[in-house]
Amino acid sequence: MLSVLPGSLFSRIRIFLGRLKPHALPVARKHIVLASLGAGTGLAVTSMFSHWLLGEVNIWFIAPMGASAVLLFGVPSSPLAQPWSIVGGNALSALIGVTVGMAIPNLALACGVAAGLAIAGMYFLRCLHPPGGAVALTVALNPGAIDAVGFRFALAPVAVGTAALVLIAVAYARATGRRYPFRQPADAN
């Protein structure tokens, strides 16, 4: 059966599959270790803080915060990982998610509207942060819980927890000789 296929087809398939293979990240092992330890420490401390603040472990808070920690500790020089992007993006997305969750009872529609408006809002306020989309989506998917907490969710645990994670990242960067936050280049406009 394989002998029926021309050799150039195998070559094209091999080239195509080779393009799917990820390239090695140009990151020193030291930075991988520091990023991993920093993210783990930051999330553990932030989770304990959230537990102390709210009196319970808040599962919705943890998932988007994990994504924020990847950016914050893994690629701290990214514009998406700067303090305003992280805190503003997560808090704004939580506000939008709560608003949409209260206004739109259809979960499928609420998810799309919440994520779409969160992205537009983050662009508008110059705080684009991909985990913010997860925050908006998560909030919109939990209308029953949001009815009980309301807009306070955007303040605690989201804004306060995100700010705590950023402060931990600043302290961790200074303690390990890394730079954070990064000054972004001035606008070309």
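Student: What does Leu72 touch in this predicted model, leaving out residues up to four places away in sequence?

Tutor: Its partners are Ala81, Ile86, Leu165, Val166, Ala169 and Tyr180. Contact here takes heavy atoms within 4.5 Å, so each of those pairs meets that cut-off.

Student: What makes the set with Leu72 in it a nonpolar core?

Tutor: The label needs buried residues of the nonpolar kinds, joined through side-chain atoms within 4.5 Å. Buried means under 20% relative accessible area. The largest such core has 15 residues, and Leu72, Phe73, Leu165 and Tyr180 touch the most other members. In soluble globular proteins, nonpolar side chains tend to be buried together.

Student: Which elements give two or more residues to this core?

Tutor: Those are helices H2 (29–54), H3 (59–74) and H8 (152–176). H8 brings the largest share, seven residues. There's also a second, separate core of 11 residues, with Ile96, Ala110, Ala118 and Met122 among them.

Student: What is the phi of Arg126 like?

Tutor: Near 60°, which is positive, in a residue other than glycine. Most residues other than glycine have a negative phi.

Student: How do you know that the bond joining Tyr180 and Pro181 is cis?

Tutor: Look at omega: about 0° for this cis peptide bond. Most peptide bonds are trans. Pro181 lies in the segment after H8.

Notes: Residues are numbered from 1 along each chain as its sequence is written. This is a predicted model: local features need pLDDT of at least 70, side-chain atom pairs count only at pLDDT 80 or more; totals for chains, interfaces and linings use all residues. Side-chain values use heavy atoms; hydrogens and water are left out. Buried means under 20% relative accessible area, exposed over 50%, partly exposed in between (1.4 Å probe, protein chains only). Helices (H or I, at least four residues) and strands (E, at least two) are DSSP runs, numbered from the N terminus.
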